[in-house]
Amino acid sequence: MPVESVFTALEPLLARVSKPIQYVGGELNSTVKDWDDVEVRWALMYPDAYEVGVPNQGTMILYEVLNERPDALAERTYSVWPDLEALMREHAVPQFTVDAHRPVGAFDVLGVSFSTELGYTNLLTALDLAGIPLHAADRTDEHPLVLAGGHAAFNPEPVADFLDAAVVGDGEEAVLAITDVIRDFKAEGSPGGREELLLRLARSGGVYVPAFYDVDYLPDGRIHRVAPNRPGVPWRVSKHTVMDLDEWPYPKQPLVPLAESVHERMSVEIFRGCTRGCRFCQAGMITRPVRERSLQGIGEMVEKGLAATGFEEVGLLSLSSADHSEIAEVAKGLADRYEGTNTGLSLPSTRVDAFNIDLANELSRGGRRSGLTFAPEGGSERLRKVINKMVSEDDLIRTVSAAYASGWRQVKLYFMCGLPTETDDDVLQIGQMAANVIRTGRQVSGQNDIRCTVSIGGFVPKPHTPFQWAAQLGAEETDARLALLRDAVRADKKYGRSIGFRYHDGKPGIVEGLLSRGDRRVGRVIEQVWRDGGRFDGWSEHFSYQRWMAAAQVALADEPVDVAWYTTRERDFSEVLPWDHLDSGLDKDWLWEDWQDSLSEVEVEDCRWTPCFDCGVCPQMGTDIQVGPTGKTLLPLTVTGQGVTGHGRQHLAASAASSGQ
């Protein structure tokens, strides 16, 4: 039976909320398929506001991959702001998709992509608005499967009670395989109901079903063991790894939102994975091995994406984009191809030792010369050895010197506070480094309008990294250390006024730490916070540290654990970690040895260019590092095509509207 749109009930409410356009849908390149023409229906959720979620690459890729299948459809849903949530409850409007405004509760699967743990309370809001029981154990055959993915799904235990299943790793092939299982199950008449469907998914080896695993605890609160409780369910669930990115050139038709979003650009992922070995970086560890997209693959995606969207900026994305083996050729080829148009190129934060002025000049050839961003992460040379960020201050000064001499006026530097073994002096050296950057900029440019912005975040130890055993710095200690640095910068009469200083206090980091390394008992804390009104915890204006601490006190009152136990406590090697049964490919012994190396300030090279360090990923996952160079060049297009200017974007949007897309 067709599922009706809820838009007639929703529309009268939109005049009463902020930014109503975010709930309307109708974006260029969005897809609406006939409900009855397909067998499997996905609602894809990014659990944050529309403006943050709509440009998310992961969700956009899965949306397109699924909608290319004739037997499946995918629609998108995002978190609604509290003003609309209240009205939806008052008028009995359920959680809806933005594509066809269908109720989320009617779909076969609600797939939620968690890139950060601070979106957990937003999942509960969506479930409740959709009429889906919060706890997986209370759901029936009438409810969608609630399936989590994304980086935070590498430890889904804090939200295990709310999930039917989780997928770790790359999603492209995984969602197709899951769709096959659901289609076949439904074609057979859904024998055995929800339990049987989940068993089929779990026995495939690539889907984690929390209900099929029992967790036993020791008297002191540590985990004794995690064991499957059904026959045929694997002891460990492996991550998915997509090889040969050229075979997966998604998104082919990127979404162009009608409302403002956080990234007004078209993005191309130029490679996936990282082997730099920064010990704090979960993304770099869990996405191994490195898989590069070819020069030709990148060029084709940029060409088609610009034609499909009319965006004026192309972001060349990856964890360390300047490390692509042909980044100079990519940048020059694209700059040549789009010279004379309004198309600009951008790289995210760039490693100091992978950056050069030639590359920067190619990226800014289209006329856009924004500030340069680097991430030394640690203030002192010693601390950078601890975290394996092999960048010296001399490297940084050489790089910014060349940049300022070439006409740049602004540099932004990212650091972390609270890294293992860190002292007050390590943090104070951040201020000294910033002053050296300003001094160098003034010398080489002969100008005084030189700026350096220092941005500092609190360090949160993450699962599947060498620092997963480390103690997190407490909120008060973090704030005190940052106050020391702030006062030191302000006291610098010569350079202090040219240094911008941005930092986050330590409190959100403690909550993120609780959620990132938590186990199933933390689910009670999340639910209590949500019932106490917690929403949009990643937004400073909605976040309440007091609410989280009060909820933890209530929810963990009968347990031998508390917030400090999960955050500021160091673990030892023998402890069973909540995520040990989820296999990221990284050998636990190797991670521990790297943790010990960090304490000895021993650096490790990048295994792309040196012998293998036996991290375990390639043999365990049956994968291999895929890097160039191809030795080819990116040929200019004869015609750059419609849609690379702002006028092109308006033209495309108007033609889409007139054709009813």
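Predicted model: local features only at pLDDT ≥ 70, side-chain atom pairs only at ≥ 80, totals over all residues.
Helices here are DSSP runs of H or I at least four residues long, numbered from the N terminus. The buried ones are Val522, Gly523, Val525, Ile526, Glu527, Val529 and Trp530. As for what does the covering, the list includes helix H4 (82-90) and helix H5 (120-130), along with helix H16 (507-516), helix H18 (545-555) and helix H19 (563-567).

Another part of the model shows two helices packing against each other. Helix H6 (residues 172-187) meets helix H7 (residues 193-203) at an angle of about 145 degrees, and their axes sit 10 Å apart. The crossing of H6 past H7 is right-handed. On the H6 side, the contact is made by Ile178, Val181, Ile182, Asp184 and Phe185, while H7 brings in Gly193, Glu196, Leu197, Arg200 and Leu201. Sorted by class, that contact of H6 with H7 comes to six nonpolar residues, three charged and one polar.

Strands of a sheet pair through backbone hydrogen bonds, either parallel or antiparallel. Here three strands line up in the order E9-E12-E13, forming an open sheet with parallel pairing. Strand E9 (266-269) and strand E13 (344-346) are at the edges with a single partner strand each, so one side of each has no neighbour in the sheet. On average, neighbouring strands of this sheet are turned by 25 degrees against each other, ignoring direction. Between strand E12 (residues 313-317) and E13 there are three bridges, and glutamate 313 has glycine 344 of E13 as its bridge partner. Helix H9 (residues 295-309) lies across E9 and E12, and runs at about 160 degrees to E9.

With 12% relative accessibility, asparagine 67 counts as buried, because the cut-off for buried is under 20%. A polar atom of the asparagine 67 side chain lies 3.1 Å from the backbone oxygen of tyrosine 63. Apart from neighbours within four places in sequence, asparagine 67 is in contact with Thr31, Lys33, Ala72, Leu73 and Ala74.

Methods:
Residues numbered from 1 in each chain as written. Heavy atoms only, no water. Axes fitted to C-alpha atoms, helices over the stretch in contact; angles between N-to-C directions. Left-handed = near helix turned anticlockwise from the far one by under 90°. Contact = heavy atoms within 4.5 Å. Nonpolar A, V, L, I, M, F, W, Y, C, P; charged D, E, K, R; others polar. Buried < 20%, exposed > 50% of the residue type's maximum accessible area, 1.4 Å probe, protein only. Polar contact = N/O pair within 3.5 Å; in protein donor to acceptor, adjacent residues only side chain to side chain. Pairing = 2+ DSSP bridges.
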